[in-house]
Amino acid sequence: MKKSNVVKVGIVGAALWIPSHLTLYAAISGNSSDDYSSILLLTTVAVLVGILIFSALYLYSKTKQISEVMKRRIGTNDGRFSKYIETFDSKQIDQYFKFKSKEGIKGGQGNLLTTLLLTTAMCLSANTASSQSSRSTGSLLTEGGILITLVLILVPIAAGIILMIVKIRQVLKVYQNKENQEEGERLAEYLKEIDGKELENALLKRKHALDYGLNHNELTGHLAAEDDKGLLLDVSNSAILPVVSAKKRATKRPAIDPELSRLILWFLGSATFWLLFGTTVGEYLGIKFVAPDVDQVSWLSFGRLRPVHTNAVFWGWASMAMLGLGYYVVPRVSNIPLVSIKLGWWTLYLINASVILGSVFLMAGINNGGGEYREYIWPIQLLFGIGLLLTLINFLRTIARRTTHEIYISNWYIVASVMFALVISIVAYIPTWQNGLGETIVQGYYMHQGVGMWFMLFTLGIVYYFLPQQLNKPIYSYSLGILAFWAQILFYTVIGTHHFVFSSIPWSLQTIAIVGSVGMVIPVAAGTANFLLTFNGAWYKLPSSYTLPFFLVGVIFYFTGSLQGTAEAFRSTNLIWHFTDFTVAHSHLTMYGIICFFLWAGIYALVPRLSGKEAPQITVGAHFWLALIGLLFYTIPLMYGSTLKGLMWIDGKPFIDSVVLMAPYWLWRAIGGSLMWLSHIFFAYNIYKMLTGSPPVDVREAAIAKLNQSYATTEPEL
């Protein structure tokens, strides 16, 4: 890494580290509320300073790039054009020789960084002084209203800076593309004029190297060894080496109705927003486990934010993403257009409205009494239910008009899941059954059916369409899919009360729930076998695809996470793990490891076909690995620590000892959650690139296009 880049990273890292360090210090040092207020103000200002520094560095780097583009007109052409020629790909070399054959037939950085560093130090020292004075004198800066006002002033300033960067970036991108286009034209003129045998030989050698592929019999001894460079390859001077292996791009499919495509993309865009919002709240909650006194605002208290997090990712992210993919799958496998796009738009509006209103009400302390995953009050959940009812009508009418003889298995799963979601909502929100122990039984029924009969059924229906499509082969066994479908309906609907083992509900009902949990081995084993056997014979496609790894991870967690739920249901294990963070790890292992990875796989498979644009493969890879590693960092420490915690309770140790025991595991939870949250930023960026991204002008492509164009305009008519 260059020295200048090291300095940049150091400054930005310091700007980001300082506020987090001060906040953590405030949380563990036992300061008064005035101290917290001062440190909160200092943190906010430091974050703003960090944004300013980052903005300045970003604009400086962009300006430097433009200056380098400008220098191309002043410098000599031969050396610069030679670099372009050395990095031609195989297709460009072919086009160049094709053109040649036709021609033959025819005839102050350091000062800036120092200034920024001094400015940062002065701002931080000034804020530290004001913080110290506020501790001693009790100034207005310790008042909550003043702090909120200052924050409200700083937020639009930061937003304005970010907007300015976006606008300047767009202007610079247009300018740079224009310059690249002109540079390509100059390169084209250079290629026309140059006439060297050495150049052609070099290009032929490069093309041979680019087109080389293994014949899978190199080790048999039939080929003579030929190696010009030896065993160790010197790549220091090689140009444009790929950072990651190239993946296969999306295959073009028959076009769908543009209006339906627009509806689907709005569903997926809304889902992406709620994923970022919900997991940002979850990231903040994870930090609170390490620094519980990070704020003193009632709207940001753990008890209010936790349901905001869970409901936003449940009803906002996962539900919207499932419905968006479902609106593509249902008419596609029915071989008929969707009956009513208008009903789809109403579903989009109603569900978004329910999540927005629900989040605001929960943060204000207005909820449904604390029932997990049903914290929204009934008028808000009613909006969600109406949206699902409209979707059910839309799907049923579409399937009824299908031109295929059979109903494909994806539609079985998708329609059944919408039906179950409506049924469990009615049962949970109509107060007839919610008396005494009936409340507990209904809660177990609703909570588990929400996960298993809404999210899991719908997502499996999506997998039964997209996995065979991505593998370009049919599902291994239709019968196994139907077996898994009916077995899940039989067993999953009775297992909700295994969350209340050793409670006051009837012992027989607890036993039925445990038996149903064991019975879930049948649909899980059948579904997993079906998916893995579909992979059989096509494993070689895995390294060249950026969607199949998401599907494979989802299948693995489908098997392990689901069977973990079976293991938790037994009375012996329930005694250890219940009421510990083990259930938190399990819920993330299933909802995140199964549902999210399957949804991401479907989105990456579908959106390029709707928009015609691909996401950068390196950022897709970053999304995959950060999400997977973050999930493992999150769940494994929690499961291990919670097992020790449960054993401490059985041994009769004081409760506070188990809290102290969990502190390092909660830190791992925060680290894993941070990686998962970062992966969602990459995912949002990928969605942005797939919807609006446009590749920059490539000088080499522009040069080849100019050569072809010039030949086409000058070629005489026969």
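Okay, so start with helix H8, residues 258-290: Glu 259 and Arg 262 sit three residues apart there, which puts about one helical turn between them. Helices here are DSSP runs of H or I, at least four residues, and strands are E runs of at least two, numbered from the N terminus. Those two side chains form a salt bridge, with their closest N and O atoms 4.0 Å apart. By salt bridge I mean a side-chain nitrogen of Lys or Arg within 4 Å of a carboxyl oxygen of Asp or Glu.

Quick word on what you're looking at. This is a predicted model, where local features need pLDDT of at least 70 and side-chain atom pairs count only at pLDDT 80 or more, while totals for chains, interfaces and linings use all residues. Residues are numbered from 1 along each chain as its sequence is written, and side-chain values use heavy atoms, with hydrogens and water left out.

Back to our pair: buried or exposed, or in between? Glu 259 is partly exposed at 40% relative accessibility, and Arg 262 is partly exposed too, at 45%. Buried means under 20% relative accessible area, exposed means over 50%, and partly exposed is in between, using a 1.4 Å probe and protein chains only.

How many salt bridges does the structure hold? Six. Another one joins Asp 295 and Lys 288, at 2.9 Å from N to O. Here Asp 295 is buried, at 12%, and Lys 288 is buried as well, at 8%.

Then there's Arg 374 with Glu 439, whose closest N and O atoms are 2.6 Å apart. Arg 374 is in the loop between helices H10 (341-363) and H11 (378-400), and Glu 439 is in helix H13 (residues 437-471), so this pair ties together parts 65 residues apart in sequence.

Last stop, the surface. A nonpolar patch there has about 720 Å² of accessible area together, and its residues include Trp 625, Phe 633 and Trp 668. Areas come from the Shrake-Rupley method with a 1.4 Å probe, and for residues only the protein chains shown count as cover. Patch residues have over 30% relative accessible area and no salt bridge; like charges are joined within 9 Å, and nonpolar side chains (Val, Leu, Ile, Met, Phe, Trp, Tyr) within 5 Å. Which helix gives the largest share? That's H20, with five residues, and Trp 625 lies in it.
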